[in-house]
Amino acid sequence: LRAQYVQTLLNVVKPGGAILLVAFDRREGTDEAKTSGPPFSVPESDVQKYYGNQESVESIQFLEEIDEMLKSPESKDRWEKMGLKSLFETSYWIQIKKYRPWDYYKLFLHDVQV
């Protein structure tokens with residue numbers, strides 16, 4: 001589903017546009033706690049895997065991370081009861097190229113008279 005989600009986003013964002021991706025990274029805890037959701041864990045390796053290999057992506061910039069365990073005692077207790085030892089909210093700026101490979105193709109077809 002993540003690959004389909006990425007493709008859908010890339011098809012809707014205009015050339016030169018950007019995606020602000022905010023995700024949760026469940027880094028430490030029981031296997032069940034790290035893989036359950038929502039919110040589901042999206043580690044930086046997945047962001048790179050799904051967006052980094054796309055021809056239309058110009059760059060991926062890590063913006064910040066917030067330790068959710070430090071945000072409030074209530075949040076920490078809730079996550080620890082679920083088996084998590086660490087949870088971070090992460091954000092990325094994903095810049096889309098001004099022209100994507102298929103845009104060149106469209107431009108070429110538009111200029112060619114058959």
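Strand β1 and strand β3 (residues 84–96) of this predicted model pair in the antiparallel sense over 10 bridges; two strands count as paired if DSSP finds at least two bridges between them. Within this pairing, Tyr 92 of β3 is the bridge partner of Leu 21. The sheet is open and is formed by 3 strands in the order β1-β3-β2, with antiparallel pairing. Its edge strands, each pairing on one side only, are β1 (18–29) and β2 (57–67).

In total, the protein has 6 helices and 3 strands, which run α-β-α-α-β-α-α-β-α from the N terminus on. Helices (H or I, at least four residues) and strands (E, at least two) are DSSP runs, numbered from the N terminus. Residues are numbered from 1 along each chain as its sequence is written.

Of the 114 residues of the protein, 30% are buried, that is, under 20% relative accessible area (1.4 Å probe, protein chains only). The accessible surface, computed by the Shrake-Rupley method with a 1.4 Å probe, comes to about 7,900 Å², and 55% of this belongs to carbon and sulfur atoms. With contact defined as heavy atoms within 4.5 Å, 73% of the contacts between residues at least 6 apart in sequence join residues at least 24 apart.

Key: This is a predicted model: local features need pLDDT of at least 70, side-chain atom pairs count only at pLDDT 80 or more; totals for chains, interfaces and linings use all residues. Side-chain values use heavy atoms; hydrogens and water are left out. Buried means under 20% relative accessible area, exposed over 50%, partly exposed in between (1.4 Å probe, protein chains only).
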